Amino acid sequence: MSDLQCLTFLFLFLLLLQNATSASPLPLRRRPVHNNSTHSNFAKHPRRRVVFPVNRSSCDLFAGEWVRDETYPLYRTRECVKGMIDPGFDCQTYGRPDSDYLKFRWKPFNCDVPRFNGVKFLQKMRNKTVMFVGDSLGRNQWESLMCMISSSAPFIRTNLIHEDPLSTFKILDYNVKVSFYRAPYLVDIDKIHGKTTLKLDEISVDASDAWRTADVLLFNTGHWWSHTGSLRGWEQMETGGRYYGDMDRLVALRKGLRTWSNWVLRYIKSPLTRVFFLSVSPTHYNPNEWTSRAKASTIAQGGKSCYGQTTPFSGTTYPTNSYVNQKKVIDEVVKEINSHVSLMDISLLSALRIDGHPSIYSGDLNPSLKRFPDRSSDCSHWCLPGLPDTWNQLFYAALLF
């Protein structure tokens, strides 16, 4: 073979070797994606960074115990914007003499709940609307969150507008709205043939339009479904085109919740929208639920009051099923659409807080009424500061971590 042929052969061999090498797979390095959307990474990947998963065995936020913590409460009433807390929830201002009930923190068994950071919350919620929808327990929680934000981010410019059914707290520096939409049954209630009618199969157009403006929704209902007598908020129910003077309240609740769940499935299409449902908030009108049999025998016949309770019920379970039936209905309906809705299962942790209600320190109660706690105590709502702050810490953890 001549020298020229050898050089030609060597050149062709090296060329083939280069092509084979360049065609072999190499590790690729992705170019960083810069997302300038106002929705931020939280909205684009709303569940990606969940450290405290809702109702997961690895870290069940709602299974735990109350522990004493001297750094509590998270805020004082004076740190809230004037008019932010309803007098009915402002227990310390209206004479509650004890304060130990403010010194308890919820501690899940398998993890820690992050302490609320108002600035971080506002940064994550920038240009968004958070809306509470439901009854006065939802209002209780809404007012709590407003105070938590105001106290931990004290130099923000805000505007509070009270209207019915929609009230809104605007945090101007972050363009954040934290709203409450009053809808005790979630479904519509209207006058039909002169009668106040609970329409189990409908949600009002006004309510639907308002809810759809929110980026984060937290619904609740429950207490109003069991009211009787003068407290009943309707005269008849309507479902399937028929009218009923009354019906089994659990059946009615289930029908109403299925109407709500169908609304969620129809209108909440965007993965950017987060939806939560707050489980039943228990009442404490019957001392026999938490007292020993010996003590129960000393309670006056017909006595119904949480008055005088100053510490949580001891233990991690509560010895009654007074709220279980409603809770079961809510849990079943919400779990049917759990890919769309996260259940905030606050029932048990709230049941343990027999000390957290306003009782007779619910606003400027007439002194003559205060003398009869069995008749005048509010053992349904919660003091602020108080238990709803814990609901919001759990909401904060489930939403942002």
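Let me begin with a term: a residue counts as buried when its relative accessible area is under 20%, as exposed when it is over 50%, and as partly exposed in between, using a 1.4 Å probe and protein chains only. By that cut-off Cys111 is buried, at 14% relative accessibility, and Cys59 is buried too, with a relative accessible area of 4%.

This is a predicted model, in which local features need pLDDT of at least 70 and side-chain atom pairs count only at pLDDT 80 or more, whereas totals for chains, interfaces and linings use all residues. Residues are numbered from 1 along each chain as its sequence is written, and side-chain values use heavy atoms, with hydrogens and water left out.

Searching the whole structure gives four disulfides, a disulfide being a pair of cysteine sulfur atoms within 2.5 Å. Cys59 and Cys111 form one of them, with an S to S distance of 2.1 Å, and the torsion about their S-S bond is about 70°, so this disulfide is right-handed.

Cys80 is joined to Cys147, with the sulfur atoms 2.1 Å apart; here the torsion is about 130°, so this disulfide is right-handed. Cys80 is buried at 12% relative accessibility, and Cys147 is buried at 0%.

Cys91 pairs with Cys383, their sulfur atoms 2.0 Å apart, and because the torsion about the S-S bond is about -95°, the disulfide is left-handed. Both of these cysteines, Cys91 and Cys383, are buried.

Finally, if the bonded cysteines of the chain are numbered in sequence order, the pairing reads 1-4, 2-5, 3-8, 6-7.
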